[in-house]
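Please look at the model below and follow how its parts are arranged. The report starts with a pair of helices and then turns to a sheet.

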2 protein chains.
Amino acid sequence: MQGAAPAAQSLDFDRAFRTRLRDLLMWRRDVRRFRRDPLPRGILETLIELACLAPSVGLSQPWRFVIVDDTATRAAIRQNFAACNAQALAAQTGDRAELYARLKLAGLEEAPAHFAVFADRSTTQGHGLGRRTMPEMIEYSAVTAVHTIWLAARAEGIGMGWVSILDPQAVAAILNVPIDWKLIGYFCLGYPQADDCIPELERSGWEQRRLPPSAVLRR
Amino acid sequence: MQGAAPAAQSLDFDRAFRTRLRDLLMWRRDVRRFRRDPLPRGILETLIELACLAPSVGLSQPWRFVIVDDTATRAAIRQNFAACNAQALAAQTGDRAELYARLKLAGLEEAPAHFAVFADRSTTQGHGLGRRTMPEMIEYSAVTAVHTIWLAARAEGIGMGWVSILDPQAVAAILNVPIDWKLIGYFCLGYPQADDCIPELERSGWEQRRLPPSAVLRR
């Protein structure tokens with residue numbers, strides 16, 4: 001922002017924008033079926049710039065992005081996913097195990113872009129503000145950056161998948177990051193094979209969404 | 001969605017929407033200075049509905065919203081904040097302590113709407129998918145719901161403040177929620193006294209935002 005023209009005093013959004021924002025929320029998906037065509041040059045960097053507008057506790061900006069391009073590194077991540085997913089399958093029983101085995105839970109083979117996000121628990125940026133009683137605010141701040149990328153990517157027609165079926169310590173070792181960085185997730189980015197407003201886990205019969213009132217208490 | 005007309009096959013967003021989405025990200029603030037006028041009836045419920053469109057691990061939808069209207073309950077939360085904030089101030093030294101003392105870190109007195117968000121770690125929804133190696137995905141899912149409310153509220157001209165200077169166990173006790181619910185945050189909602197595209201902690205000299213490239217590695 002430095003050197004830019006003075007910002008407007010205020011900014012209002014209209015009903016048309018809010019309707020489209022709702023559409024964006026409805027059509028964002030956790031994508032596991034990607035086309036292999038590459039993304040436009042520089043798009044991941046643009047998305048990361050937007051992510052850095054996310055809220056962070058004490059203005060600590062604890063998000064750390066690791067863009068993963070190396071073939072051997074990607075293969076090591078895929079191996080870790082395969083091992084963790086086999087263990088997860090082994091923990092399911094009966095019909096659930098059969099259903100689990102049929103799910104496609106990551107697009108690590110096909111997605112043209114890969115990145116990991118970590119939260120830097122050792123950062124002194126923010127001078128500790130707001131994280132004395134809730135140190136996990138550092139991780140939560142990094143999550144809002146992830147969610148920002150997710151929405152901004154979907155607005156570009158790009159799908160994102162969040163891979164959590166991984167051993168966080170193994171991933172940190174594979175990516176050779178500082179010891180205080182905590183893995184938030186590993187992400188695949190690419191054009192989806194199809195768009196949908198229903199989550200794939202719902203379409204596959206794994207789980208159904210519940211209505212919002214069931215999640216609300218009053219005090 | 002049940003009973004509604006079939007959804008479109010796909011949904012595209014144009015450059016104008018993406019520009020406005022960027023504006024939304026730039027003008028979202030952690031608001032601590034609220035006007036006292038009430039919000040439109042039902043708006044919090046509408047925002048919670050949108051929040052339930054957020055991503056969640058295994059479609060577990062672990063977010064739990066506690067709308068806090070009771071005067072005595074709000075007073076107990078304010079007291080807890082005051083105690084935690086006094087401890088946080090005592091931990092600062094020198095010029096930082098003086099600066100900290102001048103910060104306004106919550107709008108608990110003025111904000112017309114209050115709610116807390118918890119993550120239900122005991123939920124069986126989602127059948128454990130995606131959280132075997134990273135159980136914290138439950139909390140991260142609830143954070144994306146919070147971030148959704150934040151953005152959707154700002155699009156309505158409504159500001160939100162995230163209060164983390166609280167004892168999470170004390171808040172859970174005050175709000176009398178199940179033992180497995182983990183506090184994600186306590187939130188104030190209301191019309192802001194002013195809009196700004198610069199975080200208040202930056203304007204007050206507490207911290208400066210760093211440029212995105214400093215948060216990016218390549219592997």
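In this predicted model, helix 3 (residues 71–90) of chain B and helix 4 (residues 94–102) of chain B have axes that come within 9 Å and cross at roughly 155 degrees. Angles over 145 degrees count as roughly antiparallel, and helix 3 of chain B and helix 4 of chain B are therefore roughly antiparallel to each other. Where they meet, helix 3 of chain B brings Asn85(B), Ala88(B) and Leu89(B), while helix 4 of chain B brings Ala97(B), Tyr100(B) and Ala101(B). Sorted by class, this contact holds 5 nonpolar residues and 1 polar residue, with no charged residues.

The sheet draws on both chains, for its 5 strands stand in the order 5(A)-1(B)-2(B)-4(B)-3(B), and it is an open sheet with mixed pairing. Strand 5 (216–218) of chain A and strand 3 (159–163) of chain B are at the edges, each with a single partner strand, so one side of each has no neighbour in the sheet. On average, neighbouring strands of this sheet are turned by 25 degrees against each other, direction ignored.

Strand 5 of chain A runs parallel to strand 1 (residues 63–68) of chain B and is joined to it by 3 bridges; Leu217(A), for instance, has Val66(B) as its bridge partner in strand 1 of chain B.

| Helix | Strands touched | Angle to one strand |
|---|---|---|
| Helix 5 (residues 137–155) of chain A | strand 3 and strand 4 (181–190) of chain B | about 65 degrees to strand 4 of chain B |

Terms used. Residues numbered from 1 in each chain as written. Chains lettered and ligands numbered in written order. Predicted model: local features only at pLDDT ≥ 70, side-chain atom pairs only at ≥ 80, totals over all residues. Heavy atoms only, no water. Pairing = 2+ DSSP bridges. Helix = DSSP H or I, 4+ residues; strand = E, 2+ residues; numbered from the N terminus. Axes fitted to C-alpha atoms, helices over the stretch in contact; angles between N-to-C directions. Contact = heavy atoms within 4.5 Å. Parallel < 35°, antiparallel > 145°, perpendicular 65-115°, else oblique. Nonpolar A, V, L, I, M, F, W, Y, C, P; charged D, E, K, R; others polar.
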